[in-house]
Each structure stands twice: as C-alpha cells, then as structure tokens.
Amino acid sequence: MSYLYRMKYQKNGPLRFISHLDLNQLFRRVLLRADIPVELTEGYNPRIKVSFGPALPLGIEGWQEITEIVLKEPLAEEELKGKINKVAPSGFKILEVEEVSNKRIPLSKLLRQASYLFYLIPVDAIDANKMVYYHNKIEQYVKCLLDRKDIKIKKESKKGLKEVDLRPYISKINIFSKNNDRIIICLILNIEAGVCINPNPIIQMLADVVKDYFLIGKIIREKFISESLI
Amino acid sequence: MIIDRNHKNNNRNMIIINKMLGEVEKPGRYTGEEYNEIKKENDQQLINIALAFPDLYEIGMSYLGFKILYDIINKREDSWAERVFSPALDFEKSLIKNDIPLFSLESFRPLSEFNIIGFSLQYEMSYTNILNILHLGRIPLRARNRDKENPLIIAGGPVAFNPEPLAEFIDLFVIGDGEEVINEIIDIYKDWYGKSENSSKKELLNNLVRLPGIYIPSFYQVNYHTDGRISFFQKNEKHAPFKIRKRIVKNLDKTPFPIAPIVPNIDVVHNRITLEVFRGCTRGCRFCQAGIIYRPVRERSVGCLLELAENSFINTGYEEISLSSLSSSDYSQIDSLTKKLVDCYQNRGVGISLPSLRIDNFSVHLANQTQRVRKTGLTFAPEVGTERMNKIINKNVSEEDLFRTVQYAFKMGWRRIKLYFMVGLPAETQEDIEGIIRLIKKVEMMGREKVGKKFSLNISINALIPKPHTPFQWVAQETEEELNKKFRYIIQKIRSNSISLSFSDTKLALLEAVFSRGDRRLGDVLEEAFHRGCKFDSWREHFNFKSWQESFQKFGLDMAFYAHRERGKDEIMPWDLIDCGVSKQYLWSEWEKAIQEANTDDCRQSICNSCGLEDICQEIGINRNNS
C-alpha cells in the first residue's frame, strides 16, 4: 500500500536563492533526516517518490508552494508536518498536510493559476500626490497591455532565441498603493498545459514604466489557484 | 579592548547584499544558513575565527579538513568558527562596485573584524586566491604590514609542507594534523588577547612558536648563493626551532570527527558523508607527496566507523557515504566494513562509495558490493605503461594485474573505465610512452570484445609535478615542449570513438612545479601576478600565463630554475626546516633506488623500511619487524 500526501510549504529566506533541482535534493535529505517512510522508485537509481508543483524562478519567495510525497506507511498529518519541520533548514517550512486519495488529478492538471505579488520601492521619499501619479501611470500601462492582442517577447532557450506570446498567460493585474512607501502589484498568471511562465519579464515591463523612480523589491509567489484548493 | 568589533555588516550593507544576491550566478554560495550551520550570540568575549578556503564554495565545502576544524572550534564555548570562500568573479565585481568588504557566511561579518583567519592550503594554484581574499577583506597582504589590530593569519594543509612561497603573507603555518594544535593555538591566543592592550603581535607569535608543529616564517632569514640556491637559514628569535616536526594525532578513534557537517543548500562537488577510514599510506609511490606527509598509517576501528556513519546519516540525511582515504581497499577490515555498511543502508536509500581503489580483483569485488545495481564507472591509476617504469615509481602493479582487473570489471557488468597515467617521469624513454599507448589499446580491445558498443574508456594523462618531501624532489620537470611532444604523439596514436583523452595543461603544470618547490623570493612574483589580475589559476578559463611570465621577469626570477633544474644531493631545500617525519636521507635512498629500478616493499606487508618514523610507529603501537 502507498499513501499520498499533498503539502503546502514555504520557500523563502536563503532558500529563495536555490534552484528547483537543488530544492529537490534538499527535500530528499530533509525526509531522510526526519526518518519519514518514503516510498522509493524501482530501478537502477532508487529515488524518493516526490513531485513538486511548478518551479519557482531564482530569487522569488514562495509562500504556499505545493508538493506531494508517497509514503510506505500512513502517518498522521500533523505528525508528518512536525517531523519534517523539526529537521528542515532555515527557509523551508511545511504549512499544511493533507492525505489525498490515490485516484486523483495530477498536480500539473490541478493548478490553474499562480498569483504573484511584488513591491516597487521609491528610490527617494515621495509624497502622496506623486504616489497617485505613478500609480495611475502604471494603471494606464496595464490597461493598454491587457488590451493588446499579443505580447511577444524573445526568450533564450537551448535552441537559441524563441518568441513567446505572454498575453494568454496574463489573467489579472491589480495595483495597490495605500502607503507612500511602496506600490504593491498583484499579478495572476494562467497555468496553461502545465506551463507556469516566469513572471520576471512582465514584472520588468511594469517596473520600467516608473524606471528611474522605483526599484523592484521583494517578489513573492503568493499562492496557486485551483478548483479544489481555492 | 583595542579593536572595536562591529557585530556585522550594518543594515545599509545588508540591504545592498540582498540586492547583489539577486543579480549574481548561484547566489546560494553566499547566503549561509544551511542545515547544521553554527551561529553563536556574539558577545565581545568570543574569539572569532574565519576558516577561509581559497576557492569557490562548491569546492571548499567538499574538503573534510575544513569540516573537522569547523566542528572542533565550534565545540568550544569561547570561540566561533565561521566560513569564507573565494567569491566568483561576478560577485567580486559586485562587492567592489557596492563598496562591501568580503564577509563570512555565518554572521556576514567583514573579514577584517575577525581575530584569526585560517586558510586551508590544498593546492598551490590557489595562492593568488588567498591574496585576493585578504585584499577583498581589506587586510594588508604582507605579514609585516599587519599588527595586533589586524587578524592573525594562519594556514595549514598539505601544501603547508612547503610554506615558503607564502612566507611573506602568512603569520603562522600549522604543519601536519590540525585537530589538537588548533585548540592549543586558540588557548594561547585567548590568553594573549585578554591582555593584548599591553602586548604586541610579536609577543603573541613568540608564545605560539613554542607549540610543536608551528612554523613562523618571519622568525627566519633565508640566505642565498649567487646562483639562487639557498646557502643557509638563520633564525631571528631565540625560541624558533630549526626543525618543525609535523603534528600527528595518534589515535583516530579518539580524534574528533564532524558527525553533523553542514549540508549545503546548493549542489557542491562532493555532496555526501565523507567517512575517513584511515589516514596515511605506506605503499611508497615515489611521486606521491600524500603518501609521505600523512604517514604513519592510522586506522579507525570498524565499530567507530559504523557509529560515525549512523550519526552522520541521522544528522544530514545524505544519500551517499564515501569511504575516504588515500587507498580505500588497503583498509585492513575493508571487506567487513563495506558489507556491514551496505547491509545497513541499502534499504534506506543510501549508497556507499569507494573513491580510491587499488588495481586488483578484490577492489572490483568491493565495488561490486557497493554498486550491486547501478554500475557507474570504475577508475584506476596504473600511472605508467612498462615494468621498468613501474619499478622507478615504485607502483607495484603489473600489466597483468590491470588486464585481469579490467576483465573482471567487465564480467561484473561495468562498461565505463577511467585510467590515469603520468608522463615526464625520471628516465622516461620513448618505450615508456609506447607502453602507455599499448596498455590503452589493449584495454580498449578488451572492452570492445566484452562490452561492445556501450563501452567507453576515459584516459587522463598528467605531467609529473615533482613535489617536496618525495623521492622525486630532486628531479627536473620536463619542459613544456617535451611534454607537448609526448601528448601529441599519444593523440596521434590513439584515435577511437570509444576513448576520450584528456591532458594536463603544460603551462599550468610548469607553474605548479615552480610553486611546489619554490622559495620565499616567489612572494614578490605572487603579489605582482595578483596585482596583474591573476586568480583562480587552476581554472583553465581564468589562467593567464602571460601575466605570470611578466611577473617573473619583473623580479628577475626564472621559472626554469625552480621547475627544470635537477638538484644535488646536499642542496638545501626551501622546505628543509619542515620535518615531515620521513628523513631526507631516506627520500634520497628511495631516489637512488628509483634510478636503479629497484622496488621498495610496503612496510605493512613486509619489514620496516626505516623511513624515519620508527619512534612514532612504536609510540602508537604499530609493530614492524625490524630486519
């Protein structure tokens, strides 16, 4: 018998600077340290049965990332969470554990959208009027952007430059600036056919609107949006 | 207290550092906060020690000695060991641009605010990186330009056995095993630091020089003949000894071992549990420095190793345990140890690896135990291709041994073989080169026959670099021209789809030979090369030979004097003050035997060879029959 657990976790602090591959390795070691009865794959090089949601680009914090593991023996949800968190490195924390039935939709089909937050921080202190001005400027830009039929960018891939259309991936862009010290932008991207695009090019476009006056602060992937997880 | 120690980089700098991390390659190298990292509350009482590795994080985090010292120092309540590595070029640029001094990973403290900085010396070609770390840490490079307000700069590791090229820059070298002496150094430092307001750096060094195994270069003056050879050493301080005997820990079972090493967040070169099964090797290969300077052989017991393995696994969750030593199949209990480890870990997702294997069926049998399912490559080092050369280097492995071993490996299911060879050996003839080619072709033939299309053979051919404290310390290194001619000849003769050949960079080998046997006059050259931008010299893409040539020219020194000159029997060597335990007289007799093509037996299987360590062997209870 095997038992499937879906977990929400945080990837922040120093770990926002490690790649998806390194995270995989790191999680495996955490599970071995925690003495979790993880199921191993068959074959030449036994691996633990674990799958991750879409990769988080380097430098972005993940507040509610998703992973699934398969265990050989059942374990109470709270116990599993406690055991892992006890031996997790700084920047990794399990938030929620849920045992799921084996007949289920794979993660790649389950997750529909990803929601990102990022800060634009003024280079010099500015007053409320100025803030409204910049806020509106970005808002206008977003309106134009969403009206466009396509938003094509060149992306470097293994086979040289590739053209990608970002437009179908953008679902919503909301702008907040209640305080005078930062603008917060919420960006909701669609996950199409399992592909969760890197938000950085879009974030850069928005930041460029107020280029010399604001710097990009923290970037966060806040959560995933799916039918059953909302 | 004289020195005002800020606790860490201030807030402004921390914001900048965070921004810098977002812009460089592999920022995980610089963040710290890995699992098992040690952080301490820094009240002013702690002795702050930075363990510095003059290469990238991925390299430094792979060395056992570094982990051992981190563990020992941090077990003390009065000290805190932190880590610092060479920043990659992009991060270095960013540090300079943002005016941030190089800092430690644990507390982000600027290097200049440490009490002691200890460099790990693993290979000569990291020397420029040492200067760069000091420079980026805003510490004066030359020892004489630093006083008690600067950190004490110490260094140790295998390359410290010829400390002279670094004599101008390092305050104090530790010779030999560091496990005990590091505590003695800290004790003396702490004592001095408590009353340092009324004391000088010289007083500190004078207290430290009384410890066995400590070499303080500024306490000696070196005099030269007009031709550049050394005429005599002179000491400037009463208590400085004329022989610095290396430190030896006597019982490895009772020597601290890091069972909770840091688990890096990013991938590093050796990302695994390193279990040191024994230290030292008595095979006596005449080119091998490690085989001399780590003597005598001291083993850990199987019981101790199993306990260390289990604790290390629980504390790290690593999926691989590597049995480390200079020649793992020489461990007296290797069969039972391997079997016990495999039985214990194979169902827990943990593999066992044996990185250094002798050439015999027994070793293949061991490898087969550890890699029952997945057979990655097997690596062997026949080094040479003729019986005669075998006798010269004293590697007692015959052609038949190699063929039989390889045959057995194919039978057990291996498809990939890697072989190491060496050229430029003393008294080498065309026949020896042909011998290497013949060996490679024979192994290839066997592979094609037994394995077929999936067979692959990796050949690595390196130039001999004559090392101090070896029987070859007197020999001339072959010139680049001769070496390249031999390399080209081998390439010409070996053309096959299943063989990949790699050769050492002959310019790099030349420079390594120069610094291996260099004297302290090279300090000027080193600093000049550093100012001309040399760093990461062992990385082919960074190595700039022209800058090195210009630096030698500037000080009128000749690379050939150091690399291509044969030394006389009685020549005073720059490292003669360092006593590695094996006598110079024994090394010379080994050199004579090499020329006579005579073997010397391993003293573990035969009688004592009287290499100079007899008293130590007796003291730690190694019994050898004296003839």
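**Figure 1. Surroundings of Phe503(B) in a predicted model.** In this predicted model, Phe503(B) is in contact with Ile461(B) and Phe487(B), once its neighbours within four places in sequence are left aside. The residue belongs to strand β18 of chain B, which runs over residues 499–503. Phe503(B) counts as buried because 20 other C-beta atoms lie within 10 Å, and 20 or more is what the term buried requires. Gly213(B) is 290 residues away from Phe503(B) along the chain, and the C-alpha atoms of these two residues are separated by 37 Å.

**Figure 2. Asn394(B) in a loop between two helices.** Asn394(B) is found in the loop that joins α12 (387–393) to α13 (399–411) in chain B. Although it sits in a loop, Asn394(B) counts as buried, since it has 23 C-beta neighbours inside 10 Å. Apart from its neighbours within four places in sequence, Asn394(B) is in contact with Gly284(B), Cys285(B) and Arg286(B), and also with Asn599(B) and Thr600(B). Between the C-alpha atoms of Asn394(B) and Ser551(B) the separation is 37 Å, with the two residues 157 apart along the chain.

**Figure 3. The open sheet of six strands in chain B.** The strands of this open sheet follow the order β2-β1-β3-β4-β5-β6, and their pairing is mixed. At the edges stand β2 (79–85) and β6 (214–215) of chain B, each of which has a single partner strand, so that one side of each is left without a neighbour in the sheet. Strand β1 (residues 47–53) of chain B pairs with strand β3 (residues 116–120) of chain B in the parallel sense, over four bridges. In this pairing Leu51(B) stands opposite Gly118(B) in β3(B).

**Figure 4. Leu69(B) and the nonpolar cores.** The largest nonpolar core has 187 residues, and those with the most contacts inside it are Leu69(B) and Ile170(B). Helix α6 (residues 181–194) of chain B gives the most to this core, contributing seven residues. When its neighbours within four places in sequence are left aside, Leu69(B) is in contact with Leu51(B), Ala81(B), Gly118(B), Gly178(B) and Ile182(B). A second, separate core has 27 residues, among them Ile66(A), Leu120(A), Val142(A) and Ile185(A).

**Figure 5. The two domains of chain A and their contact.** Chain A is divided into domain 1, with the bounds 3–104, and domain 2, with the bounds 110–226. The C-alpha centres of domain 1 and domain 2 of chain A lie 29 Å apart. Eleven residues from domain 1 of chain A and 13 residues from domain 2 of chain A take part in the contact. On the side of domain 1 of chain A that touches domain 2 of chain A, the residues are divided by class into six nonpolar, four polar and one charged.

**Figure 6. Chain B as the setting of the close-up views.** The secondary structure of chain B comes to 21 helices and 19 strands. Its radius of gyration is 25 Å, close to the 25 Å that the globule rule gives for 627 residues, so chain B is as compact as a globular protein of that length. The C-alpha trace of chain B spans about 70 × 65 × 50 Å along its principal axes. Of the 627 residues of chain B, 47% count as buried, and among the contacts in chain B with a separation of 6 or more, 77% are between residues 24 or more positions apart.

Conventions: Residues are numbered from 1 along each chain as its sequence is written. Chains are lettered from A and ligands numbered from 1 in the order in which they are written. This is a predicted model: local features need pLDDT of at least 70, side-chain atom pairs count only at pLDDT 80 or more; totals for chains, interfaces and linings use all residues. A residue is buried if 20 or more other C-beta atoms lie within 10 Å of its own, exposed if 12 or fewer, and partly exposed in between; C-beta atoms are placed from the backbone. Two residues are in contact if their C-beta atoms, placed from the backbone, lie within 7 Å. A nonpolar core is a set of buried Ala, Val, Leu, Ile, Met, Phe, Trp, Tyr and Cys residues joined through C-beta atoms within 7 Å. The radius of gyration is taken over C-alpha atoms; the globule rule is 2.2 Å times the number of residues to the power 0.38. Two strands pair if DSSP finds at least two bridges between them. Domain bounds come from an automatic or database domain assignment. Ala, Val, Leu, Ile, Met, Phe, Trp, Tyr, Cys and Pro count as nonpolar, Asp, Glu, Lys and Arg as charged, and the others, Gly among them, as polar.
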